[in-house]
Amino acid sequence: MKHSAIFSAFALLFAPTFAFGACSVANLTRCLDSACAINIGANPAARCQYCGSAAAGKPSKSTAMKSITAGSSARYNISDKELKNAPSEPGERYVWATRICLGKVTGCTTDDVSENYDSLIEQSCTAAGISAQMSNLTQKSRKQKTQNECSNDIGACITNDKHCSGDYKNCESDADFDRNFSDCVIAANGCDSFSGAIRSTLISTRDKIFANADAILANIVAAYQKTRENKLKNTETACRDSSGKNKCIATVCNNNMPHKCDVGYEYENGLASELCKFYDVACDRLK
């Protein structure tokens, strides 16, 4: 049986990451048990209560509780520190534990989790007096939302600075986007069936933002290039017909010479010409 109600949104995201090597079902089960089978020796319904259905009731809060994996290698166990952040709602806890364990036990995928652990949870639910299939239990225990609600929740999460940010600067690669999107789908709770369509919309939004940014940058670069080209053409023209230097001389005569270089004061014109000689130097360099 496939645990499709929970994992359909995440199979595509996680499978490429953990596609190498063979999956150790024993280590994967040990890891999941450290979050879902606490005190199972004294409480056969533990897997159902922790990671199956809220209908199975709340697990015992006895101070004697301990993980079924206590005493075994802690390499594949979810630590006590990590468990402090575990969700209390069974469906969310199962997804949370799966994400942690796929990071600890390499070579495994969400299909390995569904194929090997769902039956253990169903056995535990039977022990608790619940006979429904795991998929039905999960559907009942998780609040379902409308697509608009999910789009709003996931979109707000994705554009948060802790994830992709409003300009998607933290999610330029698909791998970064998928990692953050996975976190936001889990946080939204009850949006699994809409996740594919929402992801496509958000990816399209991201790509448009990047495309617009590239276009704006290209326009700015082109504008500066055009300005430089125009200045160069104007300078070349001013050098070719000496209009640039003549304009300089006229300005100096008008603003700096007491007699404005009028007739009879040709020496002022000579001084102005010397002051504007930098045009000759600049034009020589353009030749």
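The structure is a predicted model, in which local features need pLDDT of at least 70, side-chain atom pairs count only at pLDDT 80 or more, and totals for chains, interfaces and linings use all residues. Residues are numbered from 1 along each chain as its sequence is written, and side-chain values use heavy atoms, with hydrogens and water left out.

The disulfides come first. A disulfide is taken here as a pair of cysteine sulfur atoms within 2.5 Å, and by this rule the structure has ten disulfides. One of them joins Cys31 to Cys101, with an S to S distance of 2.1 Å. The torsion about its S-S bond is about -90 degrees, so the disulfide of Cys31 and Cys101 is left-handed. Cys31 lies in helix 3 (residues 25-36) and Cys101 in helix 6 (residues 90-104), so this pair ties together parts that are 70 residues apart in sequence. Helices are DSSP runs of H or I with at least four residues, numbered from the N terminus. Cys31 is buried, at a relative accessible area of 0%, and Cys101 is buried, also with a value of 0%. Buried means under 20% relative accessible area, exposed means over 50%, and partly exposed lies in between, as found with a 1.4 Å probe and protein chains only.

The S to S distance between Cys36 and Cys51 is 2.0 Å, and the link is left-handed, with -80 degrees about the S-S bond.

Cys157 is buried at a relative accessible area of 16%, and Cys184 counts as buried at 1%.

The aromatic rings are considered next. Rings of Phe, Tyr and Trp (its six-membered ring) pair if their centres lie within 6.5 Å; planes under 30 degrees apart count as stacked, over 60 as edge-to-face and the rest as tilted. The structure holds three aromatic pairs. In one of them, the rings of Tyr94 and Tyr117 have centres 6.0 Å apart and planes at 45 degrees, so the pair is tilted. Tyr94 lies in helix 6 and Tyr117 in helix 7 (residues 110-127), so the pair ties together parts that are 23 residues apart in sequence. Tyr94 is buried at 0% relative accessible area, and Tyr117 counts as buried at 1%. The rings of Phe177 and Phe181 have centres 5.8 Å apart and planes at 15 degrees, so that pair is stacked. Phe177 and Phe181 both lie in helix 10, four residues apart, about one turn of the helix.

How values were computed. Helices (H or I, at least four residues) and strands (E, at least two) are DSSP runs, numbered from the N terminus.
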